[in-house]
Amino acid sequence: MKTIKTLVAAATMLLAAAMPAQAQKVNLGIEAGYTYNSLLVSGDYDTEGLSGFAVGAIVDVALPQSWTLQTGLSFVRKGGSVSGEAISGTKITQLHDMNLNYLRVPVMVGRKVSLGAGFSITPRVGWYFAEGISGSGNVTGDSDYLGSWVAMRVESFKDFTSRQGENEILAYKGCNRFDTGIAIGVNFDYRHFGIKVGYDYGVTRVTSYGNGHNSSLSVGLVYRLW
């Protein structure tokens, strides 16, 4: 949680720096929506997508010449499934429905284009930072490797060990909690209401099984409080 606190503090300082003479208006809003996620892997492995959701708060700072700066804090579910023989040299053959729940902080720049009659469109690009806080999934593999289990339920971000005689082995290596990457999106707004479409391309390796990176497409509704 230290990471996400640092990110929130950094986003707050960034907003504070933009606010003085340059800022024209600050909008606070709430958002909620659907995410479709997958793990982008290297190697000859099969992947499946996983549905999720996002809910949170956003802050928009209007800058001169219709430019905007956006940040916020949201809870978002990402993840996916990976299957194949001896994934990354282990005896694990499948990670199924691995839910990865994050607190996410974006920092994005956009330009608002007025369409008249209260309608507008705002394309955005920037970066996101996220910290994994919870999640779970199913792991399938060799029973000798996983102990008495051929398939088991694990916590996504925690290591799992199994006992073989007097020895303990690392049967499942937990996912990396920190995630970051490119964020792009576009808002279609009418006064206080809006539709938001976005895509996150993770550059951090979140799982060692197939060296998976997060990919997340989202669509949601936005309501601006003022």
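## Residue classes and the model

In this report, Ala, Val, Leu, Ile, Met, Phe, Trp, Tyr, Cys and Pro count as nonpolar, Asp, Glu, Lys and Arg count as charged, and the others, Gly among them, count as polar. The structure described here is a predicted model.

## The largest cavity

A search of the whole structure finds 2 cavities of 30 Å³ or more. The largest cavity has a volume of about 320 Å³. Its lining consists of 30 residues, and Glu31, Ala54, Arg104, Lys196 and Ser218 lie nearest its centre. Two or more lining residues come from each of the strands β1, β3, β4, β5, β12 (178-190), β13 (193-202) and β14 (213-224). The most is given by β14, with 6 residues. When the lining of the largest cavity is divided by class, 14 residues are nonpolar, 10 are polar and 6 are charged.

## Glutamate 31

One of the residues nearest the centre of the largest cavity is Glu31, which lies in strand β1. Glutamate 31 has a relative accessibility of 15% and therefore counts as buried, as the limit for a buried residue is under 20%. Its side chain is joined to that of lysine 196 by a polar contact of 3.0 Å. Lys196 is likewise among the residues nearest the centre of this cavity.

Not counting residues up to four places away in sequence, glutamate 31 touches Ala54, Val55, Gly56, Ile58, Ser74, Lys196, Leu221 and Val222.

## The second largest cavity

About 40 Å³ of space lies in the second largest cavity. Its lining is formed by Asp46, Thr47, Glu48, Ser81, Val82, Ser83, Gln94 and Leu95.

## The largest nonpolar core

Leu95 belongs to the lining of the second largest cavity and also to the largest nonpolar core, which has 24 residues. Within this core, Leu95, Tyr102, Val139 and Tyr172 touch the most other members. At least two core residues are supplied by each of β4 (67-83), β5 (92-111), β7 (119-134), β9 (151-155) and β11 (167-172). Strand β5 gives the most to the core, with 6 residues. In soluble globular proteins, nonpolar side chains tend to be buried together.

Leucine 95 touches Gly80, Ser81, Val82, Asn138, Val139, Tyr172, Thr207 and Tyr209, when residues up to four places away in sequence are not counted.

## Serine 134

Serine 134 lies in strand β7. With a relative accessibility of 31%, serine 134 counts as partly exposed, because this class falls between the limits of 20% and 50%. Leaving aside neighbours within four places in sequence, serine 134 is in contact with Asn99, Leu100, Asn101 and Phe157.

## The largest pocket

The largest pocket has a volume of about 440 Å³. It is lined by 22 residues, and those nearest its centre are Asn27, Lys112, Ser120, Arg191 and Arg224. Strands β1 (25-40), β3 (50-62), β4 and β7 each supply at least two residues of the lining. Strand β7 gives the most, with 4 residues. The lining of the pocket comprises 6 nonpolar, 9 polar and 7 charged residues.

Notes. Residues numbered from 1 in each chain as written. Predicted model: local features only at pLDDT ≥ 70, side-chain atom pairs only at ≥ 80, totals over all residues. Heavy atoms only, no water. Core = buried A, V, L, I, M, F, W, Y, C linked by side-chain atoms within 4.5 Å. Buried < 20%, exposed > 50% of the residue type's maximum accessible area, 1.4 Å probe, protein only. Contact = heavy atoms within 4.5 Å. 1 Å grid on protein atoms, 1.4 Å probe; cavity = no way out; pocket = protein on both sides within 12 Å on 5 of 7 lines; lining within 4 Å. Points joined across faces, edges and corners; volume = space filled by probe spheres on them. Polar contact = N/O pair within 3.5 Å; in protein donor to acceptor, adjacent residues only side chain to side chain.
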